[in-house]
Each structure stands twice: as structure tokens, then as C-alpha cells.
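Me: I have a model open and would like to go through its chains with you. Could you keep to what was computed?

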Amino acid sequence: MSDTISEIKSGGEASLAKKYSQLLARQGILVAFVLFLVVFSIFSDRFLSTDNFMTVIRQASIIGTIAIGVTIVVIGGNLDLSVGSLLSFCTVLVVDLHDKIGPTGAIGLMLVFALLIGAINGYLIGYLKLNSLIVTLGMLSAIQGITLIYTGGQNVDIQNQEGTWFAFFGRGYLWGIAVPVLIFLGLALIAEFVLKATTYGRKVFSVGGNPAAAVFSGLRRNRMVFSTYLLSAFTTACAAIILGSRVMGSQNNVGQGYELLVLAGVILGGTSLLGGSGSITRTIIGVLILSFIQNGLLLLGYPYYAQWLVTWAVIILAVWLDIASTRGKIFTSFS
Amino acid sequence: MATLAHKAKSLVIEQPIWLFVAACIVVFSLSTEHFLDIGNFKNILVQTSTIGLIALGLTFIMINGNIDLSVGAVLALAACLAVDLQSSIGIPLAVTVGLLSGVVLGALNGLVVWKTGVDAFIVTLGAMIGVRGLVFVYTEEQSFYATDFAYADFGTSSIAGIPTLALLFVVLAALMHWILSRSVHGRNTYAVGGNRQAAIDAGIRVGPHMVINFMIGGFFAALAGVTLSTQMGAATPNLGRDFELWAITAIVLGGTKLTGGAGSIVGTLGGVIAIGILRNGMNLLQVPSFYVLVIMGTILIAVLFIDRQVNRNAEQELNV
Amino acid sequence: MNNLDSIENYGVHEAGTAPILSLEGITKTFPPSVVALDGVSFGVHSGEVHALLGENGAGKSTLMKVLAGIHKADAGEIYLEGRPIKMENPMDAKHQGILLIHQELSLVPEMTVAENIFLGYLPRKWPNRVDWKKLYGDADAILKRLKCNFSAKDKVSKLSIAKKHMVEIARALVFTPKIVVFDEPTASLTDTEKFVLFDVIHDLKAQGVAIVYISHRMDEIFTLSDRITVLRDGGYRGTVETKETDEDEITRLMIGRSLDTSRNIDTAQFGDKVLEVKNLSCGSLFQDISFSIRKGEVVGMYGLVGAGRTEIAETLFGLRTPTGGEVLLDGKRLDITNTTDAVRNGLALVPENRKEQGLVLGMSCRDNITMAVLQHVSSAGVLSRAQESNIYDKYAEELAIKSPSGAQKVGNLSGGNQQKVVIGKWLATHPKVLILDEPTRGIDVGSKSEIHKLIRQLAKSGYAVLVISSEMPEVLGVSDRILAMYNGRINGEFLDSEVTEDDLVRAISFEQKGQL
């Protein structure tokens, strides 16, 4: 009896050590982040100002808002590559409908279509159990086509830019804070609460962590997966409102490539693509790191695209660090 | 004759994409005048050669159980290098540098996948963003134009009445088919993708093997970049955007599994040609290109659905 | 006990001949606390068929994986021809001439039979070509020796399981190894294939190859082997000459006690029929299954892997759609199409594969235990940490789950404690019927008896329990009544108080009419 207890204790200690190393690996990202901030602020006076910080968060708000929904999909064990196309579609739709049926109708109708597309994704992946990578890849192409058909290849814009309250979402301020930032952080707060404190969130983690065990426990995998795609469509639609309102117009391919930047932020935050782990807070840190890298490099006078090179290295290093800490070895052992 | 019919039958069963290709040919030849022209077929081959070349290399990587999302960006880098450098070091050297860039980036991707154990999807997603950044930094967002007319001439040239690019694609497809189906490396590609642990246990050096396949993938992406820039006589930093998606679509249509271990060059060829014919046929029918995007997306999902229905074993399957 | 003492001298076979392979004091522990092997030693001679016998979980497969370089031993030495050898990976073992024929298939489905046989050794021609003529020629020769009726050019994915196993076995004939380990090779073979395999084993033996033959089929072992080594609970229990022993002695060595497990059962103590299954069928998986379980009763379902036991449990739980028959719960017909319905109706299934089907390993013990009762620990969809902790604390105490806290990741617990978490998850739903599929698979011996006691207690407190198992002592130890499954059918029904070991073995091995 005492043997088993000491074994459990040592087991506990071993897992505690593992926990610390994992914590360190995760904080490694934060350490790198802080280092970035320090270096940037040494070389640029403007970097460490409140103004600049607000600008960075504001710039991150569109990608961040989409990333909230995508994080939920990924925790549920799937991918969503269609969000970039969906962003184009929703932005074009809301901007174009604005002048035709007014802002309220435009937002309402756009939401309906966004959720419809989310439902198609969810049905194919949740109920028909098709591979999410290929399905959302196909949807990426299809939604892009639908957007082009809808616009006839033209860009759209809002004529009366001064006299509409629609401008509020992208350009307005509330209590001195930019509305996009409020929407982004507000949605993030709600989503984090739902994931961490509700039965719904727990079910998403279970289904993503081990779909078979979830089903064997009486949960409905198909229904949960379906709902995660509705959520990612919803947050993408919210991002489209911010984007359309800020630009007061839209190119028909405005969201091209967003799916990758969103995914980069999610991965950087440490959400595993295998599902079952992750958090909105960490995704936000991931998105903000990318945004700060962009901002810092620009302030230091590097070309705009230099940030993508840094992103490349940061993503791989971050995931590597995470894997290496669970593996206990820096490199894989097979040859 | 019997064996030929037998072969055709097994081709249809194992690679239904060829049935789809045949159906497309029948439909388009009945509904348009010029579809069946020899000239049009040459056109289709030239048009599909870019995605086709990418897909040849990517098929190896995907049968291996990996994926490479960076091929579109690699294509752009190789094209820009080959076009930009030719004024200073001449066409042959510039093209060599372009192709080498693909091989080197492939090796880098492969090494990272092997040594770090990070999933190829994440590694190459990073590379896709990073290499594209490299292209923009290198080009300073400018397009390059081929100064030597011989370069662009190559893109439109023909050998014995067959467009050179089409010929190049077909010859390389045959070569890659041979390697995959007849060589030790090719056979081990299936072993590594189909059961990695068994391959390791059998003493196959899985790491270097995967690196070689990533290098092959990088080489073909770069080659596609060079041939595409000869067709245009120019290279732009945005070249090859979304090409990785088209190549993956073609490969999946051709029956290669995302999980690895199964697939073939013949299937990939079918997938590439199916996309080419669809685009060409709808073009002749004057279907707006926008609709093509919708149709392609729908077909991709439909094929996935049909494949699952055909291959599922209903009795063994649980209601999960 | 005399007998045991006399056979402790495992290393000495015949005077003057040293074993070609000997293992000394092999110990292997899987973290955190499962001792799979505890100082196991035994030796094998050239030209000998040495049977390794033991129950599921006795450590046979782990021992062989150590020998094949797949697992690394924590302590102990392996000697080959008198020299100590170190093995870091499967290739090292192969280079030393040790070949393991796996129980799990290690084939590449999309390659041909020949390519699989010669995996890693494809004959080459310059520059990198496969020498197909030689490949298929050599492979055909091997298949002919094995009397296989399929071609070397067939794709492995198109073969039946039995044929796939023959391909695995064919790998033993590529080189002439010094030692071949067969791990349960006949599990899915037909009788004809089995005899071909036995011929091959005799051939290898005649060539001086040492053969380790792992199985728990007594008849095979007595036909084939020269000596028998028995493992139990990860420990060495003795080696005997096959000629000088009998089934009784071997059974005693395997089980550690004679099989006297019958309890005095008072059938009157059981309540009403809770679950009644009538003529349930599901395609070719199982047919015409009828049985019932009463309140407070434990029914054991005994049979070999593949007899359809797990599939019955899955069908009852809504994971499969039956093709015929009906299920009654408390006399009312059940119509279950998914697991949510099953849970709602008071069914609970502790699945066969704990790690893949029972638990979300990355989540905490507490979150796993409340997984099926989320609606009871929340209000308006918002979880209550306090209520969750209450449930966890209640079952952690009731089931004696040893975990530092409810927040501990369930993946860090030992197998026995993990299984208790799964059981706790179901007790929290207050089910009427509790189905346990191989409840002690891969669990160390201490926790095993704890779980057996627990099952008895649960029945006593009023649950109707169905225990599916392929371990005879388990079935005999916990059940009030035993159903023997053979080939998708119930092939006999026995009262625990009346059944003999012989009856059970016969009922799961041959077609027959049931008794009772």
C-alpha cells in the first residue's frame, strides 16, 4: 500500500516537472514576445506608446475576431480554411446591401447567409463526416466564385458615407476606445466564458480531445461540430461588419489569404490542430504577437513583407518548443 | 485485347476520375464546336502544365503522408529569380538558380518536418507565408520582364507540332510515374505513408526519405514557376497564389489520400486533366470564370463524399 | 510446490548445451506505476520450440517487444550465444537474427504481398530500380512453401485478415533467422492455415532455428512445443518440459491457484428482469442473441476475440443498428439509435478500449467523470465547479481513485485508476444496466482484484451488470451466470456454481448445444 502511494507521489512529481517544463515552453513564447517588445522599444521611441498599442490592437481586431470562431472549430478537432473567402463574401454583401435596403436589413441578411454557409460546412463535416481540410478548401473556392458572381467582378462601395450609422462599427469610438477593439475583445470575452464555463464549451473540448470517447459518453459529435462552424461563420460575419464599415466599400477579394493569417495566430497561441486543447486568450496573444511584429518591423523601417518572414520562423519555433517539451527531447528520434 | 479491357476496367474502378474525364469530353464535344480540335487539346495540355507540374511533385509528398502548402510561393520565387537574374548571368544560369531555390526550400521544409516533428501542415503553412514574404522583399513588389526574347519564345515553342511545355509535362509525368511505381524510392514512398512504424521497423530511413520527397516537390514547384514565366515573358510577386489549393484539389480528385499511403501519378494526371478540361470546356461554352470556381469547389466536395460512400464498410462502422 | 522448485533452474536444458538466447532479470515498468515485467528470466535453445504462456496482461507481449528492440528494458540483460547484446531499436534485433512476427499487423496496405514480405529489403538493380523478377520469384517461392492460395502480386489491402497474417509469417522465411518469435500467430487463422504454419515451424526447427511461440491455446502448445515457460502478472512462474506436464499443472502455474471460485449463489436474491434481449442480430457480426439480466445480477459473457461480444455491447448502446430482434428495459421496448438515447435510458458502457473510447486523456479526472452528467452539474448551461467537485470527490472516495487531485490529467494515472474514472463516470449517471467490456485489460494485478470486488459490490447495490471478458478467472470470479459466445452466437449458458473450466473452453471453441 505504501508502495503504491510513493509511486503515485513520484508520478505526481514527475508530472509536476513536466508541467513546469511545459509551462516554460509556453512562456517561452511570451518571453520571446517580451523580448520583441523590448528590442522594438529600444530602437523606436514611438513603439511603446499607448497610441501605438491601441493602433496595433485595432489592426488585429479583424483577424482576431475571425480567429475566435476558428479557435472553437480547431478545439473541436477540425479546420476552417473557408473564412477568408467568407470574409470577402460577407463584406461585399453587407456593403452592397447597405445602399439597397439600409444598414439593419443589410446586416441581418448578411448574417443569415453567413450562417447558411457555416451550416453547409457544419453539415458536410459534422454529419457527413467528410475531411474538414478538403471540404473547407472546396468551400473557399466556391464562396470566392459566389462572391465574384454576385458582384460581377466589380468592387462595391457605400455612396452616402457621412449619413449612416453603419460607420460606427469600423470608425466609431465608445468610452475613448475604438469600436472594432470593443467588438473584438467583447466577443473574445464571451467566447472564453462559453468555452471554459459552460456545458457547451466542455462538450467542444471533449469532442475535439477524443471524438470516440465523447460519443461513447453520450455526447453528440455531429451536432457539436456543426455548431462550431456556425460560430466561426458568425465571428467571420462580425469581422466583415467591422471591415466593411471601416473601408465603407469592399474589393471582391478582400479576405484572400486571411484564413492563413488567422490560422497562424491560432497555432502561435498554442492551440493544437489535433483538437481538444487551446483557449481564446492564447489565440489573442498569438494574433497580437503577429500584429506587434508587423507594427514593430514597420516602425524600424523594414519593408512591409518582412513581417511574413518573421512569422514563418516564429510559428515553427513556437510549435516546435511546445512539442519538444511534451516529448522531452529537442529532436525526433527516428532516422 | 482482353487484358486491355481488363486494364481499362480496373482503371475506372480504382480511378473513377478518368470516367469523369471521359464524361466531360463527351459533354463538351457535343455542346461546343471546337472542343475536339487537336489545337484545343494542345491548349488544354499547356494550360494545365503549370498546376500539373506542381501536382507531380506534391503527389510524392502526399503519398508520403505529408503536405506542402508552400508550393505556390516557391513557384513565385523561382519565377522571379529566373526572370530577374537572366539579364546579369544569362538564361541557363538564371533558370538553374531558380530551380535550385525550389530544391533548397524543399530540403528546408523536409528537414524541419523530420527533425522537429512539427506537422508538415504547420511547417509548410509557415513557409507559405514566409516564402511569399521573401518574394515580396526580393522583388520590392515589382514585376520583372524577360529581357531576352529567347526566354518567352521557349514558352510558345513547339517540337514536331506539339507545344514544348505540353511535351515537357507529359515526359516528366511519365518519368515520375515510373519512379513512383517501379523504383525502390517510389515503393518506399508508399511504405512510409501507409505505415510509418512498419517502414521504420523495416529499416527504411524515413527521415532522409521524406526530405528527398520534399526536395522533389520543391523542384517541380520551381520548374512550374519557370515554365509559367516563359509563357508570360514575365514574373510577378503574386504569381502562383492559390495554386497549392488547385494542385491539392487535382491530387485528391485523382484518388490520393490525405492520410498518405495511397495514390498514383496516373490518378493525379486524371485530376489535373479533369480540371483543365472543365475550365477549357466551360470557357468555350462561355461560362463566366466565376462559375468555374463554384463548380470546382462543389466537385471537390462531391468526390470526397462519393469516395467515402464507396469505400466505407457499413457493417464495421459505428454510429458515431 | 515441489514441482515448482524443481523447475526453477530455467537456464539449464541439457547438460553441456548453453541456450542460444537467454534473458536474465528483465524488468520493465510503464510510467507511472504499471510493472509489466518483474525480473523475468528464461532461455531458448537452437532447434527448440519454446512456448511462452500466460494470461492476457501477464507480460508475454511486453517481454517479446523487449526482445525485439521495440521496448527498452529498465533492468536485466539479454545474451545471444553467450554474449550480452544491446538493442536500441527493431533493426538491431533484426541484425542479430531475432525476428518478431507481430500480433498487430505491420503491413503496408497499398503495396503488394511481395513488397510487404521484402519491406526494407527490396532487391535492387542499377540505378534505383526494383528487381521485380527476383522480387516476385522469391516471394512466390515463399508463398508456395506456405501453401498460400493468393498471388505475390496481390495488393495487401484486398486480402482477408487471415491472409494478411500469412504475409506477416512469410517474413520469417526471407532470411534464416536465429530466433523467431511468433506472437499469437493463429488468432485469426483457419485450421488449414494453422497446420501449414505448424509445418513451417517444424521446418524452421529442423534447420536449427530457435522458436518462441506465444499463445494461450493449450492444445496448440501441447502439439507444438518442447518446453513451456509460464508468466503471471509480469513475473516468471516456471519452465516445464512439455512431455512431463499436463494441462492441470500449466493452468495452476498460469492462474496461481486452482479454479475454485464458485460462490453460493442464492438466485432468490435477484430482483426483476431489468434488461431483456430477444433474438438480437446484427448482420454477420452476431445472430439471434437472447438473454436477460436481473437486478443485482452479474452476467458474464465469455468468448474469444472476434466472437461478437463487443459488437453486442455496442449495439445495446446505440452504436450499431441491429438488423433484427428487440431489447426490453424494465419490460418496455427500447428504441435506441444513438448513445445519447442509451445514456438517457439508463444504460452505461465501460468500453473495451479505455484510452481510445473511454477517456479524453488530455482532460482532468474531474472533467472526465462529469462528462456524461453535464446537465446535472450546471444551471442554464453554466457549469458549477463546486457541483463538479462534489461528484468527483464522491466517486473518488467511493471507488478509491488514487489521484493527487481532481485537476490531475487522467492520462497521468495508472491503468487501474483510469478505469475507475470511467466506471465513476457511469455511476454518476445512476444507470440501471452497467456493461463492462474487458474491464481489467492492461491493468496491474492489484487493481484488477479491486475492480472485481467493485463489480460485485455494484451488483449487490442493485445494478444489473454485464461483464464481457476473455479471461476465464475473471468471468468465473465475478459472474453469477455465464454466457459463452462462439462465432456470433450464444453457445452455452452456465450457472457459475455449476460450470467447470472444461465446459467453458469447449463452449467457446466448438459449435454445440447449450446446457442449463
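Me: What does the accessible surface of chain C come to, and what share belongs to carbon and sulfur atoms?
Reply: Bearing in mind that this is a predicted model, the accessible surface of chain C comes to about 21,500 Å², and 48% of that belongs to carbon and sulfur atoms.

Me: And what are those values for chain B?
Reply: For chain B the accessible surface is about 12,600 Å², with 67% of it belonging to carbon and sulfur atoms.

Me: Switching to the fold, how many helices and strands are in chain B?
Reply: Chain B has 14 helices and 4 strands. Its radius of gyration is 20 Å, close to the 20 Å that the globule rule gives for 320 residues, so chain B is as compact as a globular protein of that length.

Me: What about chain C, how many helices and strands there?
Reply: Chain C has 18 helices and 24 strands, and its radius of gyration of 25 Å agrees with the value near 24 Å that a compact globule of 516 residues would have.

Me: What percentage of residues is buried in chain C?
Reply: In chain C 56% of the 516 residues count as buried, while in chain B 57% of the 320 residues do.

Notes. Residues are numbered from 1 along each chain as its sequence is written. Chains are lettered from A and ligands numbered from 1 in the order in which they are written. This is a predicted model: local features need pLDDT of at least 70, side-chain atom pairs count only at pLDDT 80 or more; totals for chains, interfaces and linings use all residues. Side-chain values use heavy atoms; hydrogens and water are left out. Helices (H or I, at least four residues) and strands (E, at least two) are DSSP runs, numbered from the N terminus. The radius of gyration is taken over C-alpha atoms; the globule rule is 2.2 Å times the number of residues to the power 0.38. Buried means under 20% relative accessible area, exposed over 50%, partly exposed in between (1.4 Å probe, protein chains only). Accessible areas come from the Shrake-Rupley method with a 1.4 Å probe; for residues, only the protein chains shown count as cover.
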